[in-house]
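Hi everyone, thanks for making time for this. Have the sequence and the 3D view open while I talk, and stop me whenever you like.

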Amino acid sequence: MTLAIPPFTLPADAPKAEARPHTFTVHGRQIEDPFAWLKAENWRDVLKDPSTLPADIRAYLEAENAYAEAALSWAGDLRKALVAEMRGRIREDDGSVPDPDGPFAYYTRHRQGGQHPLICRRPRTVHRIAEEAGDGETGEEILLDGDREGEGLAFFEISGAAHSDDHRLLAWGADTKGSELHTLRVRDLDTLTDRSERVENTAGDAVWNAAGTAFFYVALDENHRPARVMRHRLGTDQAEDTIVYEEADPGFFVNIGRTQSGTYLTITASDHETAEVHLLDRANDEAALTVVAPRENRLIYSVEHWASHLVILTNADGAVDFKIVTCPLETPARAHWVDAVPYRPGVMIRHLHVLGNHLVRLELENALPRIVVRDLKGEEHTVSFAEEAYSLGLLPGYEFETNRIRFVYSSMTTPSETYDYDCVTRARILRKRQSVPSGHEPADYVTRRLFATAEDGQTVPISLIHRRDLALDGSAPLLLYGYGSYGTLMPAAFRTNLLSLVDRGFVYAIAHVRGGTEKGWNWYLDGKREKKPNTFTDFVACGRALIEAGYTAQGRIVAHGGSAGGMLMGAAANLAPELFAGIVADVPFVDVLNTMLDADLPLTPPEWPEWGNPGESEAAFSTILSYSPYDNVAAKHYPAILALGGLTDPRVTYWEPAKWVARLRATMTGGGPILCKINMEAGHGGAAGRFDRLEEVGLIYAFALMASAAAKDGVQAGH
């Protein structure tokens, strides 16, 4: 921990992207975009084959990568030390708790030194005996070896693995480019060999029919959108696959699943505020689809099956934080919905889990989660914990006729604990506690839940962790993480990686800003479309509250966010650059206006309900233009910035961080450095291998340490 923090080492000249005049007019407003050329016209081809990237764009990205590496070159030893620490906290041969399904128990694990997971099972009776004896591998079958399948590939990621009901076949998907164009294969589990057939350009997951003679998958259209549900009969060519469902609205994505009962395939078409669910009997896969409730604007629902009824989680009838209703299977329309768990303002139902004899829900109140179990008599009891801030998640499992549920608990100081819980006896059995091989003493750390006051008086939750022996005199550097979009909740969970910063004197904090659902669905609604700026001002308010509380000082905060959280990073940099020593924007959605005007991009039409449609609505255009980070770069002093991207990212395209960095360098009057690193062999999630990902985290943490050290020393590194 005593390794010196090196300074940034900047080459004489940063890469300078050529400004090529490009203007366009929307709603009578002229927009200048001098770096539009960085968007490859053949971007669809680049997603499939990165070698097709135009030479001038490749040269610029490679120059940016070289400049970033040079700027961080003195941090080589620090990065190695960080990666070694983080790897030392991982039990390398770790695995999941086996999940019973009929005659087998299925699980994933890693081998010592392995990058990718192994998909495994063992006979259920052997599993029970071996478990009692503490033997983790007796009777094990390795169904899919991720290390072997990914050998020699620059990128490899397993998207999913689903076994057939008779346990004889495994449909598994993989992405070998990072572009999320997944190929599905079928493995014979008697011989552990793949059949010859391949199903290309899919969303990556599969659901079997009951007989195990066919599976369903989601096909991507020419613009990379999940738009069609297909049925693939084993032994046939993909060209013969049948369309089961096709979505006509480009603003709706399609996904598939199965009810916990196993009876039905679920097909959900949805955007961020409307959903429509169709059911198909898995035992009669050529039957007509049944629509549960035809789509209505801003009606959200999801469906489970129980006996002769459906159980539905929905926001119908003004249930902003959701309620649970039931209806007869034969008459699923809204007119037949009856409240089972009524809407209670301020209590958000986040997840519904239906078993043969119990209805289980995960709900959130005052930013704290709990599990509620209801039996057939309607009697309820609660599973909760006493910490000030914690994370709680339900794991659905495979089985329906069981009294067992499985949940995972952790806090920012407490390693993850996996429990089996008997809904009848209420016995709580610890099945696994996360191991930290290099050692971890929770008592050495403090976790807190604070609240910042936003500009409009709202209270914004903050979760934080620091060492117990840290002097809270305002001198500590602080990493402030934020996201705040799509209703995504940022859990106050245990993360071993962040200890590398905390043990070096950092405070680590999560700003639970509007746009998430930490305080219910209204918390999300107050951070989208015309109210999106609340997300940004909340984040700034959290930074200032932490300064006022003595956890850090102005100019000592390093901000971090990714994807839509990267938009937050760009907006915060424009709003209050003086707060930050540095900003890490990971695959940042910063070119919001241009992306939302381009209806051909994969995510644009489905994103209009989140941000607004600036081509159709002048009001939406004005709102987005007012905050879009790329369009609001100004002639001012900016903190050190590290922007990360992936060449084959279909969600936040590589040109967004590249254009943003180019405009920052061309416009800012001081500060920096401004660094951009594009992974030329990966997409939105970065490197796929678990140790390769640590290299990326090590880069981010080294940058954070260097930026905070430079700010403390009053160094202005230049850009």
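First, some housekeeping. This is a predicted model, so to speak of local features I need a pLDDT of at least 70, and side-chain atom pairs count only at pLDDT 80 or more, while totals for chains, interfaces and linings use all residues. Residues are numbered from 1 along each chain as its sequence is written, and side-chain values use heavy atoms, with hydrogens and water left out.

Helices (H or I, at least four residues) and strands (E, at least two) are DSSP runs, numbered from the N terminus. Two strands pair if DSSP finds at least two bridges between them.

Let's begin with an open sheet of four strands. In what order do they come? The order is E3-E4-E5-E6, and the pairing is antiparallel. Strand E3 (99–101) and strand E6 (141–145) stand at the edges with a single partner strand each, so one side of each has no neighbour in the sheet. From one strand to the next, the twist averages 25°; axes here are lines fitted to C-alpha atoms, for helices over the stretch in contact, and angles run from 0 to 180 degrees between N-to-C directions. As a reminder, strands of a sheet pair through backbone hydrogen bonds, either parallel or antiparallel.

Strand E5 (residues 118–123) pairs with E6 over four bridges, in the antiparallel sense, and Ile119 has Leu144 in E6 as its bridge partner.

Asp145 sits in strand E6 too. Is Asp145 buried or exposed? Its relative accessible area is 13%, so Asp145 is buried; buried means under 20% relative accessible area, exposed over 50%, and partly exposed in between, with a 1.4 Å probe and protein chains only. The side chain of Asp145 makes a polar contact of 2.9 Å with the side chain of Arg111, and it also reaches the backbone nitrogen of Arg148 at 3.1 Å. A polar contact is a pair of N or O atoms within 3.5 Å; within protein, one must be able to donate a hydrogen and the other to accept it, and residues adjacent in sequence count only if both atoms are side-chain atoms. Leaving aside neighbours within four places in sequence, Asp145 is in contact (heavy atoms within 4.5 Å) with Arg111, Pro117 and Leu118.

Now to helix H2 (residues 55–71). H2 has 17 residues and spans 24 Å from its first C-alpha to its last, close to the 24 Å expected at 1.5 Å a residue; that expected span is 1.5 Å times one less than the number of residues. Buried in H2 are Ile57, Tyr60, Leu61, Glu64, Asn65, Tyr67, Ala68 and Ala71. They cover an arc of only 165° around the axis, which puts them on the same side of H2; the arc is that of the directions from the helix axis to the C-beta atoms. What do the buried residues of H2 pack against? Their partners are helix H13 (655–667), strand E40 (674–679) and helix H14 (690–712).

Over in helix H14 we find Leu705, which is buried with a relative accessible area of 5%. Not counting residues up to four places away in sequence, Leu705 touches Ile5, Leu78, Leu82, Leu501, Arg504 and Phe506.

Next, strand E32 (residues 459–467), where seven of the nine residues are buried. E32 pairs with strand E31 (residues 445–453) over nine bridges, antiparallel, and Arg448 has Leu464 in E32 as its bridge partner. Five residues lie between the strands of this hairpin, and Gly457 there takes a positive phi near 95°. E32 is also joined to strand E34 (residues 507–511) by four bridges, again antiparallel, with Ile462 opposite Ala511 in E34.

Here is another hairpin: E25 and E26 have four residues between them, and Gly378 in the turn has a positive phi of about 90°.

Last stop, helix H8 (residues 533–548): 12 of its 16 residues are buried. After H8 comes Gly550, with a positive phi near 85°. Thanks, and over to you for questions!
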